Each structure stands twice: as structure tokens, then as C-alpha cells.
Amino acid sequence: MPLIKHGRLVEDRWHETDDFAEVQTLAPLGPVIVSLDVWRQHKDAILAFDGPIGLRLAPGQTPDLAAADLHRFEVIALEFATFTDGRAYSQARLLRQRHGYKGELRAVGEVLRDQLTFMLRCGFDSFSLATAQQAQALLEAVEEFAHWYQPALDGRATIPALRRGSGEKSSPVAAGCAATWAY
Amino acid sequence: MSIRTSRIPAENTAQAITANRLSDGSVIYLTAKDNWSERIEDCQSAPDPQAAKVLLHQAQRHAANGHVVGPYLFKIEHENGTPVALGRREIIRTRGPSVGTDLKRPI
Amino acid sequence: MYRYDEFDHAFVAERVAQFSGQVARRVSGELSEDEFKPLRLMNGLYLQLHAYMLRVAIPYGTLASHQLRKLAHIARTYDHGYGHFTTRQNIQYNWPKLEDVPKILAELAEVEMHAIQTSGNCIRNITADPLAGVAADEVDDPRTYAEIIRQWSTLHPEFSFLPRKFKIAVTGAPSDRAVTRGHDIGLRMHRNADGEPGFEVMVGGGQGRTPILAKTLRDFLPVDQMLSYLEAILRVYNQLGRRDNIYKARLKIMVESLGVEALAELVEAEWAQIPDGTLDLPIEERQRIAAYFAPPSYVDLPDESSALDGAIAADASFAAWVESNVHEHKQPGYAIATISTKPHGGIPGDASAEQMEAIADLAEQYGFGEIRISHKQNLILPDIQKTDLFALWQALGILGMSAANAGRISDIIACPGLDYCNLANARSIPIAQRISERFSDLAREREIGDISLNISGCINACAHHHVANIGVLGVDKKGTEYYQVTLGGVSNENAAIGSIIGPAFDEWQIADAIETIVDVYLQQREVGEKFIQTYQRIGPQPFKEKLYASD
């Protein structure tokens, strides 16, 4: 599927599956994203493949369930079953801010233009799209707002910080949650 | 305005299609010419469930093409050949709010 | 009053541009109705029975006169010449065109107003005590905190797609005029033993088909930690709130199923993990916002006004209005005046463009240009010199807005009901009109005294019927409207949910039933007892006996 990563349309080199038999076939071929269940049942076997591994968390699966292993994943995919299901926003912030996850954080499922800035601000940096045609519109959405009230993970100075005249930026990982509402 | 509607329409009552116009939200009715009118008098009547199904299909095509929102079937009857809505909700939709004191919209 | 700075202005302008783009994409067909609906709802735009409805936020119910004039202008230019004030201190327009909504929003932005988050599954407009800043019993002005929450919750990246809508109310006083226990989160300010201000945090209140009063999650939350604690509650709810069933999705259901203690453990655990300093509110920032709500320059006045006393003695109608519609002010010589939107037989909450403009004038002439909207759908002028009350009352009389019924039986809260609303099962406004006409005799209303009567047109309970002394709920039974009556609800600091008294009444019986209930009260009351006190003393039985005597 078309993928936007770090603001550009790129080729997606990852395979994704929730079937271990398929993992056995795919893993030697390239990077593979597995579901949490597959990971928990076959962790040792998957690690033995030696290739890059990604994890997919379903809505409602807290990152705590894989906390000890997060450093092993190059990609974590969070799912928007529908765009109105906002659980992945909390998962994303927790991954970035509480667990210090620094790899690619990918939004999959119903990823639409009007939610893109929320996703970016919660720490997503890649977006799996239904069609490549969506890419331009999605990227335009990023420019709709110059500043926001809340500290978040988009690295921009918050309105409270700008009011103080400091213009300090919220540092993407440590800052976001820890960084102060910037008052 | 009193709206007494205890009468329950029989299964095989005639039906028509209503929706709201996308641009201004106005209540509109699907006409025999396959376009839309703000007057219920202009509505296309479907005498039986089969005809109603066809009408609904037609209306959903309009909705998919934009311009109208949320088309659905509702029951009507004919008074002296003129279609009138059955059921309190649809009566209020055709006549406007029954609160009547300061509304600019004619009831 | 809070005033936008350059950042607020820019943000709202960007939001107007964004929404205008969304409307354009809908009109061009790029967005389907299914995709557009959640977007328009997040900006307060519904599609109702007859037309679109736009709900404009009036944060914590405080308006400046020039804002009210703009609301009047919008009513006249883009709507049918009137607006409807709601129980969440907002205003609704019943007839805007989709194509006009971007223009309306641009006009609102000119006067520092918007429709952001007046609907949708997000944090809604923050409500507060309508007497904030002027009530004598206040610990601190709740609007400082309501404004901070407003900013923090505006297009929040994590909490804009919650399981369900989320309502927060703030009060700075022990007397609860903001129905805090009817909200997902209610914040009540008080002081601890050291005299520091903090909040009692109540969670899981709500009306609807499962009316539940909020329970105390934390007795005392220091004010500077308000946002991090709210974030902890919202994060727990966003992750664990039910999304499979719309009727089970509110926080109240989570509180009921987990228990408030278990929820408190989850929230405290989450809160403990939010690093220190995160979202803390430094005193300078609180003071900066509080300065916007600093008291106006009151004149030193004696508390007694001989002009007022003379007018009361000379004019019984005025005396009756003062008795019901004038509230004590914290500043000597001043008073708080409630402008009723409920003339007998009128539409509760409706005001015409002309009335809004005239009230804006009166707010400037007799006050400091400020107007409040109460959850009872009335308007309030917060700073009137007692000496001016008579002239104000006369001016209101010309507007048809001098009904002496605040807190009385004809001060009915009514939702729009089936006359406007897509969700309603039955009409509410015509029932309110009929009942208030029954009680149009001033002497009789005064005799009945303090009472609340709220009418909802469906189980969503927008008119708060569950917490009314007399609640009326419209239902549909096989195509006919029926009205179910509950008794014993209370919306203040002693909040209580009313109980159904018996079988429902039809639209022709309901006004008689209300009269019967009132008659039972008048017969049974002891000296000085309000309706609710009599009900609590004698219980439902005497009411049942009279209401269903012939059964």
C-alpha cells in the first residue's frame, strides 16, 4: 500500500501478517510486521529470523503488553479500525512519551486527511494510505494550523510557550508529555 | 397546532421519498421527473413496497452523487388526490415546527 | 472577560479556513456524507428535522455586548431572525444554510467566538456557574479555570475521537448552579485546611437513558495540577471506554461497571506516570488568565437603595420581579438580574435578533457590557446597580422579557423536541407553552414558589428532566405522544435523580397532571416548605393517589 513517511511518499518494504506460517515464509524475504499475538507466541522463533521486525497493536492493546520488547521493533503499526476510533492516539503518545519508543510509528486502517495533524501530533511519522492519490491532500493538511495549544510530539512551540515569548519548542520525545504545557 | 396521529398506517400504504438538500438543508421530496421539490404535493408516490424499493434506489443514487442527504421512505396518503404525510414526524417536517409564535417560515 | 490575543485569533481563523475547506470538499463530492458528518459535528453543525442547525459555543456562558449583537446579526442575516439558548450555555441557530456556514464562522471569529467542539465525541464547550465572579458565596472565579480547560481541550490531538461526548463543568462556589454532578467531570472549587484552593473532582455524571450523578474521584486537587489530572482521566477513558455500544460509551457507564474506587486507582496510576511539571499551571499563568476576569470598576455604593425600596413599595409587579429574578451580588449596592426567556406561552430559550440587540444595549447602559447565559436558558445581567433595577425592568417589559418567573414553575427548561430535533420522539416546546400558560397568574406562581420543571422530548434528556423537581419526558407509543412524569429530581449541590410517578399522560392530560401535582404540594406543605422539601417529606404516594385516583 502507498506509504507516507517523514512527509514523503515512499515505497513500503514491509510485509504484514498475523499468521505465523506466513511469517516463516515472509521473514527471509524481508521486513515483516507481526501481530501482538503472533509475537507473544513465537517471539524466539521470530527473533531467530534475523531480519527487521515490526509489531502491530490492535486498538485496545496497551503498549504495556510489549513494553520489554519495544526496542526490537523498527516499526510499530497502530490501527484506526475506523477514523472515529481514537484509541491509537493514546497508544501512540504512550509509546513515544512513556516508553521512549523511537522507531517508525505507522498509522494503518482508516487514515484520512482530516485526522492527519492529530496523528502527527501524537507521534505518528508514517501513514499507510488506501491510494497514492490521497498523499497530496494529506500533506496539505499539515499546514492548516501554525500553532496549537497543547504540547505534543510535532516539535512545534505551543501557544502558551509563544505567549511567554520563549518560543521554545517541545522536544519530540522527552518533552511532549514531560515537557510542560510550557507555562 | 394539534397533531393527532394515533392512526397507524396499514402495511400497504403508499410511500414517497424525502431527504434534505445538501446546500441549504431544506426538506425535499423526490418527484416523478426524478428531481427534487420542496413541495410534498410534487412527490412521486410508490403504491406498493416493490415500487418503493425502486424509488429508494433512485434516491440513493442522487445521494451518492451529492446534492441530497439521507433520503428515506415515508408513508403518505392521498386527500382529494393530493399526497399528505402520515405520522407526526413527517407531518411536522412538511408543515414546519408546531410552536408557531415567532417563526418566519410559513406553516 | 477573556480577550483573544494574536494566537487565539490566528487559531480560530485557521479553524474557519479548515472547516470552509471541509465544506467545499463536501459540496464538490470529495467527501461523502459519512465522512463529512463527524467533521461537521466537531464544528457544531447538525442536520436536523427541517434544516441544518449550528450550535455556537458561549464558553462558560459569558458574553460581551458586542458578541451578543453579532449573534443577533447572524440570526437576522443567515437565519430566521431568532436563536435558541441551550442548557449548555450555547446558542443554536435552526435554519442556517450549509453554504453560509463558513461566512457565519468568519463573522463569529471577528468577535472572538466559534463553534469548535459544540458537538462530536470530544470535550464539549466548558460550562460554569453563570454567576461566576459576582456570586457572594464564591471561593474563586471558575472562569479562569474553564478558560484554561477550553484552550487545552481545543482540537486536542489525543482526545478528539473519544468513545462518546465529554462534558466538563466548573463551579467556584458551594452552591451548585452548574449541575456539576450531571457532567462527565464536575470540578467544584473549595479550600483545604491550609486555605489553598483546589477542586473536588467528580466523575461519571450524565443524563440520557441512564441518569447517573457524578461520584467524587478526588476530594482535593490542587488547582495547578488540574490539567495533568484531567489528562489522566481522559487517557484512561479514551483507552478503556466502551466503543461497541453508543448507549454504554459514556464515562458514567465505566464508573458504574468498574466502581469509582477502581477508576480512581487507574486514574491515579496514570497520573503518577505523567512526569512532574507536565501541564502544571504556574501561578503567573493563572494570574494572567484571572486578570481577564478581574472585577469591573464598581462604584462605592451603600448596599441599601431607597430608590429600589420605593419602587418595590409602589409597584407590585416590579416587586414580584425583584423577588424572583434578582439575586444578591457580592458588591454592595449591586444586584444580579435574570432576564427570563420564558414569557407565559413562549418558547423557552428563544430570543429574537431585536431582543438580543436590546439586551446588549441594556448591558452597556446599566452594567459593564457583560451578559451571562444560564443552563436554565435565561440571560443574566451580572452587574446592575440596585438603583437602576426599576428602569431595567421597565425596559425589559417593552421587550416582552420581564416575566417574574426565574426559579418558578413557568421557568421551564425545554429542549427543541420533535419540532426541530431529529432524535426526538415527542414535542417539548408546545407542552412547555401549554403548561406555562396554565400558570400565568402571577399570584399563583408566587404562591407555588421555588420549583423546577423540565421537559425533554426524548431519552437523551437534553432538558435535564431527571434532575428537575418535576421532570417530563416525551415518549412515543404507537404513534401517539405521551409524557412520563418524574418527581424529586434536584440539580444543585444536593443533586438527586427523580423517580417515575406512574403511567404516562397524553398531550392533553399532561398540563392537568402538573396542576394536580402542584395542588397536592399546596395542600400538604408545611409553612415555608418548598416543593422539593414537601416531596422529600411525604414521598410519592400522595401524588400518585391524586394523579391516578380514577384508575
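**A tour of the boundary between two domains**

Between domain 1 of chain A and domain 2 of chain A there is one salt bridge. To find this bridge in the predicted model, display the side chains of A:D154 and A:R121, which meet at 3.0 Å, N to O.

Next, colour chain A by its domain assignment: domain 1 covers 3-144 and domain 2 covers 145-183. The C-alpha centres of these two domains of chain A lie 25 Å apart.

Now select the residues on either side of the boundary. Domain 1 of chain A contributes 12 residues in contact, and they meet 12 residues of domain 2 of chain A. The area buried between the two domains of chain A is about 1100 Å², and carbon and sulfur atoms give 55% of it. Within domain 1 of chain A, select A:Q97, A:R121 and A:E144: these residues lose the most area to domain 2 of chain A, together accounting for 59% of what that side buries.

Then turn to the polar pairs. Five residue pairs, with both residues at pLDDT 80 or more, are in polar contact between domain 1 of chain A and domain 2 of chain A. On the side of domain 1 that touches domain 2, highlight α3 (87-98) and α4 (116-121) of chain A, each of which supplies at least two residues.

Finally, colour that side of domain 1 of chain A by residue class: three residues are nonpolar, four are polar and five are charged.

Conventions
Residues numbered from 1 in each chain as written. Chains lettered and ligands numbered in written order. Predicted model: local features only at pLDDT ≥ 70, side-chain atom pairs only at ≥ 80, totals over all residues. Heavy atoms only, no water. Domains from an automatic or database assignment. Contact = heavy atoms within 4.5 Å. Buried area = accessible area lost by both parts, 1.4 Å probe. Salt bridge = Lys/Arg side-chain N within 4 Å of Asp/Glu carboxyl O. Polar contact = N/O pair within 3.5 Å; in protein donor to acceptor, adjacent residues only side chain to side chain. Helix = DSSP H or I, 4+ residues; strand = E, 2+ residues; numbered from the N terminus. Nonpolar A, V, L, I, M, F, W, Y, C, P; charged D, E, K, R; others polar.
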